[in-house]
Amino acid sequence: MKLFLKFDVKQLCDNILSNQFSNLNINFRILAYGEIEILDKLSKTQWIDVKNTLEDYGITVVEDQKSILIQKIKDAIIEMVNDEEETITVKSSVYLAEKLNHSYGYLSNLFSEITYTSIENYIILQKIEHAKHLITTSSMTLTEIAFKLNYSSVAHLSTQFKNTTGITPSAFQRIIVKRREITL
Amino acid sequence: MQNNLINIVLADDDEDDRLFFTEAFEELKIKSNVSTYNNGVLLMEYLNKTDSILPELLFLDLNMPKKSGIECLVDIKKNARLKDMVIAIYSTSASEEDIEKTFVLGANIYIKKPNDFKKLKKALSEVVTTNWQYQTDSLNKDNFLLRL
């Protein structure tokens with residue numbers, strides 16, 4: 001028997017962190033997605049324990065300043081893409097600059113240098129990934145998905161999907177369905 | 001951040017295509033380590049060695065003597081150790097049938113071989129940077145489909 005699962009990544013991570021830190025007897029609190037504060041003073045061996053324990057779950061403690069900023073940019077972008085109520089009304093460049101307290105020029109250069117892609121492309125990639133997720137796991141129509149992801153029209157979503165992946169949303173859906181049939 | 005060197009393997013029976021491919025990668029911004037095999041049998045022999053380094057990206061030509069790209073693809077997807085590699089089909093054919101068939105069988109990328117070196121570099125650069133986002137961001141690889 002084969003099951004298809006949907007994950008709430010944030011809840012998964014929060015639970016893993018809570019369980020593991022309580023096993024290690026360390027007090028901590030979650031500040032934001034991917035950002036925590038440790039409330040106890042850690043000894044060197046405790047610090048190593050923390051890193052090793054988290055590594056088993058694919059969680060890495062980021063120690064380099066540039067990587068931290070890149071991760072913050074990515075998190076802010078994902079937050080923007082998931083912003084269904086349209087609470088973010090400013091342009092993405094303004095939003096990122098204000099949220100991260102750096103000029104957009106600086107953020108954009110750093111981002112391209114480290115990730116080999118531009119912030120603009122990364123935003124599109126995340127939106128299209130979100131659309132793919134909805135196409136394969138929900139019964140929403142493409143029009144509904146376009147609306148949910150704040151595209152001005154279904155044509156706009158389809159065009160961006162095709163430009164990014166080289167295939168149309170309907171071909172994508174057909175391929176994923178056929179793949180599941182042969183692996184079932 | 002992960003180690004910035006990516007391992008790439010190409011199986012292609014055409015010597016010129018192998019040469020252009022290797023040269024194109026030398027000129028890309030992302031650092032890579034490229035190895036090539038002349039046919040599907042040699043490729044599978046390498047991958048099946050227990051101590052082989054599995055590439056982050058595997059490029060398969062479709063028409064090869066002895067063992068075709070599709071046969072390699074099917075074998076790889078059946079093998080638990082190999083099935084998570086990102087696979088790019090690299091072919092002179094752009095028939096809709098080949099494209100859909102290989103995607104359904106589990107390929108992630110389909111590239112029609114470009115006819116000039118500049119376009120080849122551009123296509124490979126796009127493949128590698130897109131793959132890089134999946135690799136570093138733990139995006140869902142099952143949804144990774146790219147056609148160029």
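The model is predicted.

**Chain A**

An unreviewed UniProt entry annotates residues 75-175 of chain A as "domain: HTH araC/xylS-type". Over that stretch the chain is 72% helix and 0% strand. Its end C-alpha atoms lie 30 Å apart.

Helix 3 (residues 65-81) and helix 5 (residues 104-115) of chain A have axes that come within 10 Å and cross at roughly 105°. Helix 3 of chain A is therefore roughly perpendicular to helix 5 of chain A. The table lists the residues that make this contact.

| Helix of chain A | Contact residues |
|---|---|
| Helix 3 | Lys66(A), Leu69(A), Ile70(A), Ile73(A) |
| Helix 5 | Leu107(A), Leu110(A), Phe111(A), Ile114(A), Thr115(A) |

By class, this contact has seven nonpolar residues, one polar and one charged.

**Chain B**

Six strands of chain B build an open sheet with parallel pairing, in the order 2-1-3-4-5-6. Strand 2 (32-37) and strand 6 of chain B are at the edges with a single partner strand each, so one side of each has no neighbour in the sheet. Helix 1 (residues 15-26) of chain B packs on the sheet and touches strand 1 (6-11) and strand 2 of chain B. The direction of helix 1 makes about 175° with that of strand 2 of chain B.

Strand 4 (residues 86-91) and strand 5 (residues 109-112) of chain B pair in the parallel sense over four bridges. Ile89(B) stands opposite Tyr110(B) of strand 5.

**Between the chains**

Here, 17 residues of chain B contact 16 residues of chain A. On the chain B side, helix 4 (96-104), helix 5 (117-137) and strand 6 (146-147) each give two or more residues. That side divides into nine nonpolar, five polar and three charged residues.

Conventions:
Residues numbered from 1 in each chain as written. Chains lettered and ligands numbered in written order. Predicted model: local features only at pLDDT ≥ 70, side-chain atom pairs only at ≥ 80, totals over all residues. UniProt positions renumbered as here; feature names shortened; annotations may be inferred. Axes fitted to C-alpha atoms, helices over the stretch in contact; angles between N-to-C directions. Parallel < 35°, antiparallel > 145°, perpendicular 65-115°, else oblique. Contact = placed C-beta atoms within 7 Å. Nonpolar A, V, L, I, M, F, W, Y, C, P; charged D, E, K, R; others polar. Pairing = 2+ DSSP bridges.
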